[in-house]
Amino acid sequence: MTDAISSFGAVGRPVSIHTDDAAKARLKGRYRTETWFKWLGAAAVAVAGLFLVLLLSTIVTQAIPALRQNYLTLPIDLSAAKVDPAKLDEVNYDAIAQEALTAKFPDVTSRQDKRLLRGLISTGTGVFLRKDIAADPGMLGGTVDYAVPLDDFADLYLKGLLADVGSDEAISTSVTPSQTSGDIDLTFGDDAMLALARGHGATEGENGRLTLTSGASSLLVAFNGGTVKLTALSPAANGTVIAKGTVIEALDSTAPAASGQAFLRVIETPEASRKISDKVIVWLDTLKSAGLIESRFNSIFFFTGASREPELAGVWGAVVGSFLTMIVTLAIAFPIGVSAAIYLEEFAPKNRLTTMIEVNINNLAAVPSIVFGLLGLAVFLNFFGMPRSAPVVGGMVLALMTLPIIIIASRASLRAVPPSIREAALGIGASKVQTVFHHVLPLAMPGIMTGTILGMAHALGETAPLLMIGMVAFIVDIPGGFTDPATILPVQIFMWADFPEAGFQQKTSAAILILLVFLVIMNAIAVILRRRFERRW
Amino acid sequence: MNIMTEAGVEQKLSSATNAPSIKMKGEKVSVHYGEKRALFDVDLDVRENQVTALIGPSGCGKSTFLRCLNRMNDTIDIARVSGKITLDGEDVYDPKIDVVELRARVGMVFQKPNPFPKSIYENVAYGPRIHGLARSKAELDGIVESSLKKAGLFNEVKDRLLESGTGLSGGQQQRLCIARAIAVSPEVILMDEPCSALDPIATARVEELIDELRENYTIVIVTHSMQQAARVSQRTAMFHLGYLVEEGATDKMFTNPDDKRTQDYITGRFG
């Protein structure tokens, strides 16, 4: 902008401070900043969305296996010889079910193996059986096919969560066993097995001998109606391989299996690093291929109370506990919170005292929730001697925690009611109370409800304060009232997450999912209320 | 509160024919908003069955004075009123006076139409209902209908009485607010710039209405429009900076005011 000619813009008008080059540069800079911020914002949203998707997908994939449970159908002998119809409560139903199971595997004879076999079905079998017989005495008098829930390890294995299982592959050579049971020798027609064993972690010894320890994958050879687990392989004359093995399921005969008649099953996870032995795997596979195992909707999880056994643990007790607690919370926090808000907003004089109360209510909303738990412990339990672990106390503690949220939300929505409505009512001679209750409160109600629901959702997800008042106790019974010992969903999740059993991992995720569903429902109601009743002035 | 009776109305009508008596009287009325003084010793009479217009530039205290008449200033925490205001000789700031009763006798229409977000019927019926003016549903229906008729709104809304009052046009809403005020059978109606949010046609309707209402009610109106004051009022009071500058018959005020400030304001030289 030094010479005279350039002091005119392109369209021939004089260059002003809004059209000269410096101005254009400034304008460009402004647009650049705008674009930059737009991208930054979009990136932030994308990252947040990504995390949310990641979180939800992890929980959902973890939770899905818990929604189903495997059941084993067994012919249960309920004839009069076993069950005395007059003394139904004295019958050992577990033993009857276990007998039915062991009868399926007649060649399992050692005490240890029998115990292992009995452990395949849930320890709750007897209870279910007793309940079902009580409900339907027609089951008695003969043998019935009855589905019993499998033990958690068996169940997890069948869901593919305990061990990596390769598929059955036909062995392309002949296999000759030396015996039908016990520790036997197997002769393979070629040495392909050697390479396979090496590939699956066999340890190399003298003279090319390969040992499959418990740290290596399990190689199971199934033929002649039985299964042999390989323990060692050594090369022999004529290119054959002689393998040592343990029979898990007895073979029918010592006849050699022709090429393609024997099958090799590889369980990739070494036996030492999984919670289920080869034996159990073979039994389960046998039961499964016999069509006795069936995966069903896991009604136990949804409709029973807590248990130490993962396959018997249900979330219903915690859901009921949460529900009872929320009722107490709502019954206390809503009327007190709304009344306090109405008083402070509409009636209280604006002086130093009310200002201080206001500041303190706002501060209360920021107090760590565990402090409310301590307060509940000190006041409700120790001073008033109320029952431990009871929804009524939990509800009171959560009500204390929710109160400031409700008060703040209610005051905000009362304040949002235009003063013209108050003036209109006062102007025709309505009293203060009439003005508030006939006009202001109804208009503020959607906002108050929204705030309350969000506060309740907050309370529903709260764990810490309830730990303090003993709602972390292990409670099997579903609570029947406000003073019964109970636990709540988030605490149940916390406890399950803490249990060492693998089966609880899925339960934890499934319970989180249930909690999330409740929270989503509550938030959805809040949104609907807001949409539905929002008024514009 | 027996103004509902025939006799009361008769008496009012007869008194309108004679020289108008003083309905409300302000003596040395001062208002403080906290430290700030908004009104300085105003003496002003409101005459029965006349329209008194309060004019003056913004912030001159005319709305403040109006709101003193039915104690709407009570709702503002920091407002403090001194002096004396009487309604039919009774001091309205007397502690013995029930403010609810006072506001039933001295109704108010606001600057911005503010119907309740309820049905048209409910808007009008609310006042009579809380004051127990109707003994039966039929009687209440009658009050609603006559109020809407007096407010000149009935024919426009008779088929949709149960629809929301906020769905009406601005002018209709303001007439609904007037109907709502009338429904309580007040003696005095205060109007705080009732036409400022309305278009000229709606304004003309409301002005017509005010003129009709004068027969039965005493009206005090705050307005920024000189023409409106000239058209609807019988008496005019000019406020400036919290002081009452001049008060008198509207004809005289607009043709031959005593005070130069009134002259200047009316002719548009300031304000």
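**Strands, sheets and overall form**

Guide: We begin with a pair of strands: S9(A) and strand S10 (residues 241–249) of chain A run antiparallel and are joined by eight bridges. Helices (H or I, at least four residues) and strands (E, at least two) are DSSP runs, numbered from the N terminus, and two strands pair if DSSP finds at least two bridges between them. This is a predicted model, in which local features need pLDDT of at least 70 and side-chain atom pairs count only at pLDDT 80 or more, while totals for chains, interfaces and linings use all residues. Residues are numbered from 1 along each chain as its sequence is written, and chains are lettered from A and ligands numbered from 1 in the order in which they are written.

Visitor: In S10(A), which residue is the bridge partner of Thr227(A)?

Guide: In general, strands of a sheet pair through backbone hydrogen bonds, either parallel or antiparallel. Here the partner of Thr227(A) in S10(A) is Glu249(A). Thr227(A), in S9(A), also stands opposite Ala222(A).

Visitor: How many residues lie between S9(A) and S10(A) in their hairpin?

Guide: Five residues lie between them, and in the turn Asn238(A) has a positive phi of about 60°. Strand S8 (residues 218–223) of chain A is also antiparallel to S9(A), through four bridges. The hairpin of S8(A) and S9(A) has two residues between the strands, with Asn224(A) in the turn at a positive phi of about 50°.

Visitor: Which strands of chain B stand at the edges of the sheet?

Guide: The sheet in chain B is open, with six strands in the order S6-S7-S8-S3-S9-S10 and mixed pairing. Strand S6 (106–109) and strand S10 (243–249) of chain B are at its edges; each has a single partner strand, so one side of each is left without a neighbour in the sheet. From one strand to the next, the twist averages 15°, where axes are lines fitted to C-alpha atoms, for helices over the stretch in contact, and angles run from 0 to 180 degrees between N-to-C directions. Strand S3 (residues 51–55) and strand S8 (residues 218–222) of chain B run parallel, joined by four bridges, and Ala53(B) stands opposite Ile221(B) in S8(B).

Visitor: How many helices and strands are there in chain A?

Guide: Chain A has 17 helices and 12 strands. Its radius of gyration is 36 Å, well over the 24 Å that the globule rule gives for 537 residues, so chain A is more spread out than a compact globule. That radius is taken over C-alpha atoms, and the rule is 2.2 Å times the number of residues to the power 0.38. The C-alpha trace of chain A spans about 105 × 95 × 40 Å along its principal axes.

Visitor: Is Thr355(A) buried or exposed?

Guide: A residue is buried if 20 or more other C-beta atoms lie within 10 Å of its own, exposed if 12 or fewer, and partly exposed in between, with C-beta atoms placed from the backbone. Thr355(A) has 11 other C-beta atoms within 10 Å and is therefore exposed. Thr355(A) belongs to helix H10 (residues 352–364) of chain A. In chain A, buried residues make up 37% of the 537 residues.
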